[in-house]
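Here is a short briefing on one protein chain. Look over the sequence and the model, then read the points below with both in view.

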Amino acid sequence: QVQLVESGGGLVQPGGSLRLSCAASISIFSISNMGWYRQAPGKQRELVAGISRGGSTNYADSVKGRFTISRDNAGNTVYLQMNSLKPEDTAVYYCNARKSFVAGTIDYWGQGTQVTVSS
């Protein structure tokens, strides 16, 4: 079992920045992939950014060049630095941890943190 706790959401003006944090209950190096997803009202949950155990990263096209996913190599925390925020970035952001086993994979989710971009 993996517990994930997000923090760092809030209200920000367009063009502003926020940094989200996701604290895991186990070492993130025992997790195959960690990522940030978001879900806006009336829309499906979508992948924003991901980072593999080896450190490879991937981003949704809509956030490339503005968001950066990183991790604390000494701890159990993954971050999402969000710059140049736009109103369309408004959503609930969820941290995800995917563990791989011989029989398959299991996804764990945090409770979500609200990000609102508005003037």
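A residue is called buried when its relative accessible area is under 20%, exposed when it is over 50%, and partly exposed in between, using a 1.4 Å probe and protein chains only. By that scale Trp109, with a relative accessible area of 36%, is partly exposed. The model is predicted, so local features need pLDDT of at least 70 and side-chain atom pairs count only at pLDDT 80 or more, while totals for chains, interfaces and linings use all residues. Residues are numbered from 1 along each chain as its sequence is written, and side-chain values use heavy atoms, with hydrogens and water left out.

**Strands and their pairing**

- Helices (H or I, at least four residues) and strands (E, at least two) are DSSP runs, numbered from the N terminus.
- Two strands pair if DSSP finds at least two bridges between them.
- In a regular strand the side chains alternate between the two faces of the sheet.
- S1 pairs with S3 in the antiparallel sense over four bridges, and Glu6 stands opposite Cys22 in S3.
- S3 is also joined to S8 by six bridges, and these two strands run antiparallel. In this pairing Ala23 stands opposite Thr77 in S8.
- Five of the six residues of strand S8 (residues 77-82) are buried, so S8 is largely enclosed by the rest of the structure.

**The S7-S8 hairpin**

- Strand S7 (residues 67-71) pairs with S8 in the antiparallel sense over five bridges, and a hairpin of five residues joins S7 to S8.
- Phe67 is in strand S7 and stands opposite Met82 in S8.
- Phe67 counts as buried because its relative accessibility is 2%.
- Phe67 and Ala49 are 18 residues apart along the chain, and their C-alpha atoms are separated by 8.0 Å.
- Asp72 lies in the loop between S7 and S8. With a relative accessible area of 27%, Asp72 is partly exposed.
- Asp72 and Ala23 are 49 residues apart in sequence, and 9.8 Å apart in space from C-alpha to C-alpha.

**The disulfide**

- A disulfide is a covalent bond between the sulfur atoms of two cysteines. Here the test is a pair of cysteine sulfur atoms within 2.5 Å.
- By this rule there is one disulfide. This disulfide joins Cys22 to Cys95, with an S to S distance of 2.0 Å.
- The pair links distant parts of the chain, as Cys22 in strand S3 (residues 18-24) and Cys95 in strand S9 (residues 91-101) are 73 residues apart.
- The torsion about the S-S bond of Cys22 and Cys95 is about -80°, so the disulfide is left-handed.
- Cys22 is buried, with a relative accessible area of 0%, and Cys95 counts as buried at 0% relative accessibility.

**The aromatic pair**

- Rings of Phe, Tyr and Trp (its six-membered ring) pair if their centres lie within 6.5 Å; planes under 30 degrees apart count as stacked, over 60 as edge-to-face and the rest as tilted.
- The structure holds one aromatic pair. The ring centres of Tyr37 and Trp109 are 5.0 Å apart and the planes are at 70°, so the pair is edge-to-face.
- Tyr37 in strand S4 (residues 33-39) and Trp109 in strand S10 (residues 104-109) are 72 residues apart, so the pair links distant parts of the chain.
- Tyr37 counts as buried at 17% relative accessibility.

**Cavity and pocket**

- On a 1 Å grid over the protein atoms alone, a cavity is a set of points where a 1.4 Å probe fits but cannot get out, and a pocket is an open set with protein on both sides within 12 Å along at least five of seven lines; lining residues have an atom within 4 Å of a point.
- Grid points are joined across faces, edges and corners, and a volume is the space filled by probe spheres set on the points.
- The whole structure has one cavity of 30 Å³ or more, and the largest cavity has a volume of about 60 Å³.
- Residues lining the largest cavity include Ile28, Met34, Ile51, Arg71 and Val78.
- The largest pocket holds about 150 Å³ of space. Its lining has 13 residues, of which Arg38, Ala40, Lys43, Glu46 and Glu88 lie nearest its centre.
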